[in-house]
Amino acid sequence: MKDAGTSRSTGERDTRPIGRVMAQVAMVMNLDKCIGCHTCSVTCKQAWTNRSGVEYAWFNNVETRPGQGYPRTYQDQERWKGGWVRRPDGTLVPRSGGRLKRLATIFANPVMPSIQDYYEPWTYDYDTLINAPAGDDFPVAEPRSALTGRPMKVEWSANWDDDLGGGPELASQDPIVRRLGDKVRLSFEDTFMFYLPRICEHCLNPSCVATCPSGALYKRVEDGIVLVDQDRCRGWRMCVTGCPYKKIYFNHKTGKAEKCTFCYPRVEVGMPTICSETCVGRLRYLGVVLYDADRVGEAASVEDEKDLYEAQLGVFLDPDDPAVRAAARRDGIPDRWVDSAARSPVYALAERFRVALPLHPEYRTMPMVWYIPPLSPVVDTLTRTGHDGEDKDNLFGAIDTLRIPVEYLAELFTAGDTGPVDLVLRRLAAMRSYMRRINLGQERDESIASDVGMTGGEIEDMYRLLALAKYDERYVVPTAYGVDEADRGVIEEVGCSLDFDGGPGMGGMGGEVPFGEASGRPDEASVETFHALRERQTAEGRSGTGGRVNLLNWDGNGRPDGLFPPREGGDTDDERGGDPGPREEGRT
Amino acid sequence: MSGYGPVDLLLWGVLPYVVLVLVVGGLIWRYRYDRFGWTTRSSELYESRLLRIGSPLFHFGLLVVIVGHVVGLLIPDTWTRALGVSDTLYHVSALSLGLIAGFCTLAGIALLVWRRRTTGPVFSVTTRNDKLMYVVLVLAIVTGLGMTVYFAGVELAGGRTGDYRETVSPWFRSIWILRPDVAAMAASDAPYKLHALMGLGLFALLPFTRLVHAFSAPVGYLFRPYVVYRTRDPQPAAAGQARRPARRGW
């Protein structure tokens, strides 16, 4: 266990030549910091899915674990048939079937979740509040189904079981708890829970892309973001089944699939995704990971599910390796991106420190949103029993004895292999003990670090990244264009952003459309974005977008009008004392 | 076979070309204007129990019916005879297969329409456009199937019916060589004429209704690798894309 972190040194690395180098913008979430506030979900919804047809779509959602997840029991692949399966000959095929079977079932997808597996979206009959005739009863805004407009009984929603994770009624329906069987005792003393924020995994081996008959879903070569081409999607709904994370939503108004976009309009100009930007706990990290695209298929089809985590790490390339840099240049990856990958917090947490783990590697999709498993259930239990929850020996012992959370976490992150989870938790525990000694003015104790296969220096680096990292260290996102800090605001960023084919500049948009509200050309996601960006980049000081805040454009800089309600007394001076100043000084 | 009136000329000599222009022009226009609206508009999210029976029943039935029409209309009777298929054998197999497929199609669409009417969310997303389409589609199926049943009955009773392979089929083929054989169609039985008109109506609606999804049958899926990679649009086709070509950075 001790040397697990150093087992794959460069010396014993695969000696085959490096295949095609590709770059992926990836994310790590530190679950210890998640307080389950759902700010990420809400801001994501405001930016992307506050439209009719996708009321039930949460590109970002936060689940309480143990719990059923969203949609309910989505992790039960025996039922929902997501991801890939390895055939006896070693090749991968989508669990829902190969090409012929898919076309044969195209007229009615046999395993698509219904709206009831998510929840029936609703609104309230607010009109009654205003227009009810005078009477003895106080008027009430009753819930109305957003699908039919009829009164409905609200019985479930995206977070109905929020915070009820350890409760026996709901936890027993968790597919993972069911698999672990009687190992998990849900008695009061043994309950545990934590939050799991989820977005699309932007997998290296995406099974949603593989199951799209139209070829509308694709993985972007430049940054690995998986997107739906709305003009090519024909609404066959196969991707909904194909994705084991159930992160593709069917827009029931437009009849097209929609999914998390990794906020590509923001990422393209070097801004973090909205869920990251607005994360209260600052638990998200964004960065580039270089990987060998030619080895993805091989890594995804290793025989033993428990080897998938290591196999995926084996696909990643070290941006500091001169051979990798040469290969990256050969394959057209800009040097800026390689430099960015070298500073990537995601690569550091996943590969250097080995504390981030993939979500459900056993689906064989090679997910690229990784998680630092929470130590909190262990520390909490320890503290509750009157022990010092930050003492090294206490913590290490507790990790060993508290099998329930560890095995549960292993089912989530390592296909049931408790070894890597154990190592991560021990490293996190070691970091607490090691840093506490420093805080208390005691000597640095290298033995704490070496117990978990690290050096004191590495622990301090990890501590810096996990505890202190500022905005620029958490979000290392290179821009997609040949735009650097140097020529920001000088270059002509866009032409006329309105005269694309059928756009407002071409006389399109607006007015009646013949095929219902969803027909015609959609608004380009970036029209408004780029107006705002240009304004911001060419403006002298910090500026807002004026009047209305579109979160897609907001980079946390300054305080645009409309973000906060006007203060009493009509005082508009934003920078007066007593106000929280602009966050994190020193950003450019 | 020689005489036909101006109505016949209009219906069988002019109308097919009007429909052809509508279909081709309509598809081009729809593709240019409304690629986003070009979808199946599936309602499976709302209701899947009935859909899982009705939709395959309808679609697979329809596929067989389409194959039947292609064989019946495009392959001249002289060819099948040359292959050694007797007229009796041809008729018996065509009628029986057609009846089975036709009933599947009709049962499927009946179930689907009933589902559409009775399932609240599905009914509330049904547009007027859809309703018009369903009327024409059901009429085309009913006239075709009714005709088949009627002729099968007559044949079973020992009577003779007009052979569409001497009237409708030559007319259909003649359309494509731009010399419409109006007289042949004018000489066919009334049920054939009615069914052909319904068919023309359905074709005319194809580009302008949800039926367009038939033109995006994903055959290419069988031949492409599972994972699709795409670069960002190199052209500044949409707003907000940098006009300069991307620099490689070194």
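Start by selecting A415(A), which sits in the loop between α19 (403-413) and α20 (418-439) of chain A. The helices named here (H or I, at least four residues) and the strands (E, at least two) are DSSP runs, numbered from the N terminus. The model is predicted: local features need pLDDT of at least 70, side-chain atom pairs count only at pLDDT 80 or more, and totals for chains, interfaces and linings use all residues. Residues are numbered from 1 along each chain as its sequence is written, while chains are lettered from A and ligands numbered from 1 in the order in which they are written.

Stay on A415(A) and look at its backbone. Phi is near 55°, a positive value in a residue other than glycine. Most residues other than glycine have a negative phi, and most peptide bonds are trans.

Is A415(A) buried or exposed? A415(A) is buried, because 20 other C-beta atoms lie within 10 Å. The cut-offs are 20 or more other C-beta atoms within 10 Å of a residue's own for buried, 12 or fewer for exposed, and partly exposed in between, with C-beta atoms placed from the backbone.

Next, select K246(A), in the loop between α9 (238-242) and β10 (248-251) of chain A. K246(A) is not a glycine, and its phi is positive, near 50°. With 23 other C-beta atoms within 10 Å, K246(A) is buried.

Now go to P66(A), in the loop between β2 (61-65) and α2 (77-80) of chain A. Select R65(A) as well: the peptide bond from R65(A) to P66(A) is cis, with omega near -5°.

Last, select Y70(A) and P71(A). They are joined by a cis peptide bond with omega about -10°. P71(A) lies in the loop between β2 and α2 of chain A.
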